[in-house]
Each structure stands twice: as C-alpha cells, then as structure tokens.
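The entries follow the order in which I looked things up.

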Amino acid sequence: EFPAHSVTLTKDFWMNETEVTQDQWQALMGNNPSEFSSCGMDCPVEKVSWDDAVKFANALSKKEGLRAAYRISGSTVSWNKSANGYRLPTEAEWEYAARGGERHVYSGSNTLSAVGWTRENSGSKTHKVAGKRANAWGLYDMSGNVWEWCWDWYGQYSGSSTDPVGAQSGDNRVVRGGSWGNVPARARGAYRGRGP
C-alpha cells in the first residue's frame with residue numbers, strides 16, 4: 001500500500017451496494033459454490049475465482065441486454081472499456097468507493113465492529129449482506145465479510161495516476177476489503193491483498 005499517492009478518476013461508475021449474494025449467483029449461474037451455503041441465500045457468495053467473477057459479470061450483462069465488458073478467449077481476458085455492461089472495479093475505483101468520501105480506517109467507520117465482519121466478531125463464518133452499517137455512500141460490507149475481486153493485476157503502482165489499472169500482467173489479481181477469517185488490519189480501506 002506504499003507509497004501513498006493521489007489518484008484521479010475521470011469516469012463515473014456504479015458500484016453494487018452489497019456483495020453478490022448466493023441467491024443472485026444461483027439464479028444467474030445455476031450453482032452455488034459457497035462453503036457457507038447454510039448461512040442463507042442472502043449471504044455473500046464465496047469460493048468464486050477471479051475468472052468466475054468476470055464470467056458472472058458478462059452473464060449479468062447479457063441478461064440485462066448490455067454489452068459485455070469482457071472478451072474471454074481461453075485463459076485470456078481483455079476489458080472492452082467502451083462496453084456498458086457489468087464489470088469488476090479497478091483497484092482505484094474500489095478504494096474510492098470504500099472510502100465513501102470520508103477519512104476512516106475502515107469503510108464507513110474507525111470502529112470495525114460497526115461496519116464489518118472479521119476474525120474478531122464473525123464466529124468463523126460469513127454473515128448476511130448489509131448486516132452492518134453502510135459507508136457514507138450507502139455501500140455495505142466493503143470492510144470484512146468476504147474479499148472482493150478487482151480488475152487489476154497485483155503489483156507495484158506505476159505509470160499514470162489518472163484512471164490507473166495497475167500492473168500489465170502478473171500471477172495474482174487484487175483483492176480488497178478483508179474477510180470473516182482475517183485480522184482487522186486486512187479490512188482497512190488501504191490494505192491490498194492478492195489472489196491467483
């Protein structure tokens with residue numbers, strides 16, 4: 001997460017107010033990969049790979065008559081930035097949305113228990129979406145509950161700080177927000193995680 005630096009976002013974007021639920025995933029994709037399926041259909045879907053997430057975004061775009069944001073060819077995924085369909089946020093967009101125009105340690109508060117589920121309070125499981133307080137922009141669970149995939153490859157920030165999209169390639173994609181099984185420090189708005 002260092003060095004800290006300013007980023008400029010020049011394009012508007014929408015962010016879903018909650019994590020994708022097991023019900024939303026099941027209805028669209030026809031399965032429920034979640035380990036915590038007993039949590040209920042209004043709990044976040046988990047055990048979803050980055051590839052699964054981009055396929056979900058394309059499927060939701062198709063269902064709603066939008067132009068898919070991703071071109072998928074084998075293991076190669078490219079982003080059509082002119083498309084109007086659903087997509088993963090860039091890491092910069094995710095952090096901007098999580099901060100909600102405020103300067104809190106976590107998304108919506110300096111007190112994690114008010115806004116998120118981590119190892120300290122989760123009981124070692126996920127919880128229903130929107131079960132804690134939203135941030136100032138009405139976004140829930142951006143600190144804790146389940147990690148959230150971003151478009152970017154994980155790597156050092158480099159290049160432009162205007163509409164950045166991270167590294168050009170890598171072995172891991174960026175995840176943000178922490179989860180039910182992590183220490184609170186990983187749920188901070190600035191914490192950067194990664195996953196294959």
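I began with the pairing of strand 4 and strand 5 (residues 193–195), which run antiparallel and are joined by three bridges. I note that the model is a predicted one. I looked up the partner of Val174 in strand 5 and found Arg194.

I then turned to the pairing of strand 4 with strand 3. These two strands are also antiparallel, with three bridges between them. For Trp153, I recorded Arg173 as the bridge partner in strand 4.

Which way do the residues of strand 4 point? I found Arg173 and Val175 directed to one side of strand 4 (residues 173–176), with Val174 and Arg176 directed to the other. I noted that all four are buried. In a regular strand, side chains alternate between the two faces of the sheet.

Next I examined the nonpolar cores. The largest comprises 18 residues. I listed the residues with the most contacts inside this core as Trp50, Val54, Tyr70, Val77, Leu88, Trp149 and Trp151. At least two core residues come from each of helix 2 (50–63), strand 2 (76–79) and strand 3 (148–153). Helix 2 is the greatest contributor, with six residues.

I followed Val77 in detail. Leaving aside residues up to four places away in sequence, I found that Val77 touches Trp50, Asp51, Val54, Tyr70, Arg71, Ile72 and Trp151.

Methods:
Residues are numbered from 1 along each chain as its sequence is written. This is a predicted model: local features need pLDDT of at least 70, side-chain atom pairs count only at pLDDT 80 or more; totals for chains, interfaces and linings use all residues. Side-chain values use heavy atoms; hydrogens and water are left out. A nonpolar core is a set of buried Ala, Val, Leu, Ile, Met, Phe, Trp, Tyr and Cys residues joined through side-chain atoms within 4.5 Å. Buried means under 20% relative accessible area, exposed over 50%, partly exposed in between (1.4 Å probe, protein chains only). Contact means heavy atoms within 4.5 Å. Two strands pair if DSSP finds at least two bridges between them.
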